[in-house]
Amino acid sequence: MAAAVIIAVKSEQQLERCLDIRKEVFVEEQRVPMDLEIDEYDIISPDVNHVLIELEGTAAATGRITYYKDNSAKMQRIAVRKPFRSQGLGRVLLLALEERARELGLTKSVLDAQCQAEPFYAKLGYETISTEPFYDAGILHVRMEKTL
C-alpha cells in the first residue's frame with residue numbers, strides 16, 4: 001500500500017473533500033439523511049478538528065474531533081471510502097485522530113460506533129461503555145471509550 005498522507009484540515013477546499021467522503025459513505029451507502037449527516041460542526045473552527053487521509057492524491061478517509069465532557073475527545077464521522085477499505089486506513093485514521101486529541105491536551109477518546117464496527121474499535125483498545133445498543137440515524141450504535 002502506498003503511504004497514506006494525513007492532513008489536518010485547515011481550508012474550505014479540504015473540508016469539502018471530507019464532506020464528499022461522508023456523503024458517499026453515510027448518505028449514499030448507508031442512507032443517512034443529509035440533514036442528519038451535515039451539522040454545525042462541519043466548519044473550519046478552533047472547536048472542531050477534521051482529518052483527511054489521502055492515498056496517492058485521492059481523498060480516501062475522514063473523521064473529526066469535537067470537545068466532549070471530562071477532557072474527552074469525541075471522535076465522529078469516521079468514514080473510509082469503499083475502494084480503500086480493508087487496507088488499514090481506518091486504523092491510520094483513528095490513530096491520527098487520537099494523536100491530534102493528545103496534541104490538544106485531551107486525555108480520553110469517546111465514540112459512538114456502529115455495532116458492525118465494534119470489533120474494529122475494540123482491537124484498537126476501545127471498551128464498550130453503553131449497556132444497550134442505541135439508534136443514531138437509524139443505525140445501531142454502542143458508545144465506546146479509550147484512555148489516551
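A residue is called buried if its relative accessible area is under 20%, exposed if over 50%, and partly exposed in between, using a 1.4 Å probe and protein chains only. By that rule Tyr126, at 4% relative accessibility, is buried.

Some background before I go on. This is a predicted model, where local features need pLDDT of at least 70, side-chain atom pairs count only at pLDDT 80 or more, and totals for chains, interfaces and linings use all residues. Residues are numbered from 1 along each chain as its sequence is written, and side-chain values use heavy atoms, leaving out hydrogens and water.

Now the rings. Rings of Phe, Tyr and Trp (its six-membered ring) pair if their centres lie within 6.5 Å; planes under 30 degrees apart are stacked, over 60 edge-to-face, and the rest tilted. How many aromatic pairs does the whole structure hold? The search finds 2. In one, Phe120 and Tyr121 have ring centres 5.0 Å apart and planes at 75°, so they are edge-to-face. Tyr121 is buried, with a relative accessible area of 8%, while Phe120 is partly exposed at 30%. Tyr121 and Tyr126 also pair edge-to-face, because their planes stand at 75°, with centres 6.0 Å apart.

Last, a charge. The charged end of Lys74 sits over the ring of Tyr68, 5.3 Å from its centre. That label requires NZ of Lys or CZ of Arg within 6 Å of the ring centre and within 35 degrees of the ring normal.
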